[in-house]
Amino acid sequence: MHHCHATGCKEPVPPEMFMCRRHWFSLPKTLRNRIWSTYRSGQCDDWNISKAYADAARESVHYIAKREGRVPDVAIYDLLDPRRMEQ
Ligand SMILES: [Zn+2]
């Protein structure tokens, strides 16, 4: 079981869900669509994410953190971003 990717949220969610219901539905539809269209089934197990997914996920986490007045924690996407791996 994973937990919600919103910064500071410990809500448990199934692996195929990016965020808990509350956070997911507070994202703009355009961001939700980008997450879906760039998500690859199995990426949570092999940690191979696309650049497009890293960008969409990072933007989403920033969006929620800003709304909640938190400092966004996107370290995981910076770590997994393929652009970083290529360096
Ligand atoms: Zn959440």
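## The largest pocket

Helix 5 supplies four residues to the lining of the largest pocket, the largest share. This is a predicted model. The pocket has a volume of about 480 Å³. Two or more lining residues also come from each of strand 1 (2-3), helix 2 (29-38) and helix 3 (43-46).

In total, 26 residues line the largest pocket. Nearest its centre lie H2, H3, H5, I76 and Y77. By class, the lining has 17 nonpolar residues, six polar and three charged.

## Overall fold

The protein chain holds six helices and two strands. From the N terminus, the order is β-β-α-α-α-α-α-α. The radius of gyration is 12 Å, close to the 12 Å that the globule rule gives for 87 residues, so the chain is as compact as a globular protein of that length.

Along its principal axes, the C-alpha trace spans about 35 × 25 × 25 Å. Of the 87 residues, 37% count as buried. Take the contacts between residues at least 6 apart in sequence: 45% of them join residues at least 24 apart.

## Helix 4

Helix 4 covers residues 51-68, 18 residues in all. From first C-alpha to last, helix 4 reaches 26 Å, close to the 26 Å expected at 1.5 Å a residue. Just after helix 4, G69 takes a positive phi of about 70 degrees.

Which residues of helix 4 are buried? They are Y53, A54, A56, A57, R58, S60, V61, I64 and A65.

Note on methods
Residues are numbered from 1 along each chain as its sequence is written. This is a predicted model: local features need pLDDT of at least 70, side-chain atom pairs count only at pLDDT 80 or more; totals for chains, interfaces and linings use all residues. Side-chain values use heavy atoms; hydrogens and water are left out. The expected span of a helix is 1.5 Å times one less than its number of residues. Buried means under 20% relative accessible area, exposed over 50%, partly exposed in between (1.4 Å probe, protein chains only). On a 1 Å grid over the protein atoms alone, a cavity is a set of points where a 1.4 Å probe fits but cannot get out, and a pocket is an open set with protein on both sides within 12 Å along at least five of seven lines; lining residues have an atom within 4 Å of a point. Grid points are joined across faces, edges and corners, and a volume is the space filled by probe spheres set on the points. Ala, Val, Leu, Ile, Met, Phe, Trp, Tyr, Cys and Pro count as nonpolar, Asp, Glu, Lys and Arg as charged, and the others, Gly among them, as polar. The radius of gyration is taken over C-alpha atoms; the globule rule is 2.2 Å times the number of residues to the power 0.38. Contact means heavy atoms within 4.5 Å.
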